[in-house]
Amino acid sequence: RPELARYASESPQKMAHITSGLLYGMLAKPELAKYFMQHLSSITKDNFQHAVSLLKPLTLQKAPKLLIGAAVQVVWVTEQLIKAQVPGAEAVLLGLFRMLLAGDISKKACQVSQKLFLMLSNNKAWL
């Protein structure tokens with residue numbers, strides 16, 4: 001962990017690479033997502049703004065192509081950003097809402113809808 005922080009502090013580019021890698025890990029490996037988020041929280045110097053800048057286009061433009069597991073993980077990451085009161089988390093949330101098309105009853109849409117509902121229910125104060 002100290003090595004990661006030291007490496008990340010060497011340059012903004014290295015910090016961006018580490019942020020991207022940890023975010024990828026959160027989306028691809030749900031069982032390790034909390035671990036990756038802890039590391040990202042401990043090294044972030046931009047209040048998660050690079051992570052938000054990666055998630056916005058993912059939810060606004062690439063969401064239909066996401067697999068179910070990755071889409072559900074984006075909801076989880078968004079909830080973590082909301083809990084940390086990260087500026088810009090609402091833009092990621094709006095992208096998630098756009099992902100849900102009216103009348104779409106696919107397994108992916110239902111799971112994402114359920115996770116969004118639970119996330120918003122758990123964070124009423126943020127609303």
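Reader: What share of the contacts in the protein with a separation of 6 or more comes from residues 24 or more positions apart?
Author: The share is 66%. Please bear in mind that this is a predicted model.

Reader: How many helices and strands are there?
Author: The protein has 7 helices and 0 strands. Read from the N terminus, the order of elements is α-α-α-α-α-α-α.

Reader: How does the radius of gyration compare with the globule rule?
Author: The radius of gyration is 15 Å, close to the 14 Å that the rule gives for 127 residues, so the protein is as compact as a globular protein of that length. The C-alpha trace spans about 50 × 30 × 25 Å along its principal axes.

Reader: Let us turn to α7. What should its length be, and what is the distance between its ends?
Author: Helix α7 comprises the 16 residues 107–122. At 1.5 Å a residue it should span 22 Å, and its end C-alpha atoms are 23 Å apart, which agrees.

Reader: Which residues of α7 are buried?
Author: They are Lys-108, Ala-109, Val-112, Leu-116, Met-119 and Leu-120. These residues cover an arc of only 95° around the axis, which puts them on the same side of α7.

Reader: What is exposed on the other side of α7?
Author: Lys-107, Phe-117 and Asn-122 are exposed there.

Reader: And what covers the buried residues of α7?
Author: The cover includes α5 (68–83) and α6 (89–99).

Reader: Is Thr-59 buried or exposed?
Author: Thr-59 counts as buried, because its relative accessibility is 2%, and the cut-off for buried is under 20%.

Reader: A change of topic: where does Thr-44 lie?
Author: Thr-44 is in the loop between α3 (33–43) and α4 (49–61). Thr-44 is buried, with a relative accessible area of 19%.

Reader: What does the side chain of Thr-44 reach?
Author: The side chain of Thr-44 makes a polar contact of 2.9 Å with the side chain of Asp-46. The side chain of Thr-44 also reaches the backbone nitrogen of Phe-48 at 3.2 Å.

Reader: Where is Phe-48 found, and what is its phi?
Author: Phe-48 is also in the loop between α3 and α4. Its phi is near 70°, a positive value in a residue other than glycine. Most residues other than glycine have a negative phi. Phe-48 is buried, with a relative accessible area of 8%.

Reader: What about the phi of Asn-47?
Author: The phi of Asn-47 is near 55°, again a positive value in a residue other than glycine. Asn-47 lies in the loop between α3 and α4, and is partly exposed at a relative accessible area of 36%.

Reader: One last item: is Leu-67 buried or exposed?
Author: Leu-67 counts as exposed, because its relative accessibility is 67%, and the cut-off for exposed is over 50%. Leu-67 lies in the loop between α4 and α5.

Reader: How far apart are the C-alpha atoms of Leu-67 and Leu-32?
Author: They are separated by 18 Å, with the two residues 35 apart along the chain.

Conventions: Residues numbered from 1 in each chain as written. Predicted model: local features only at pLDDT ≥ 70, side-chain atom pairs only at ≥ 80, totals over all residues. Heavy atoms only, no water. Helix = DSSP H or I, 4+ residues; strand = E, 2+ residues; numbered from the N terminus. Expected span 1.5 Å × (residues − 1). Buried < 20%, exposed > 50% of the residue type's maximum accessible area, 1.4 Å probe, protein only. Arc of directions from axis to C-beta. Contact = heavy atoms within 4.5 Å. Polar contact = N/O pair within 3.5 Å; in protein donor to acceptor, adjacent residues only side chain to side chain. Rg over C-alpha atoms; globule rule 2.2 N^0.38 Å.
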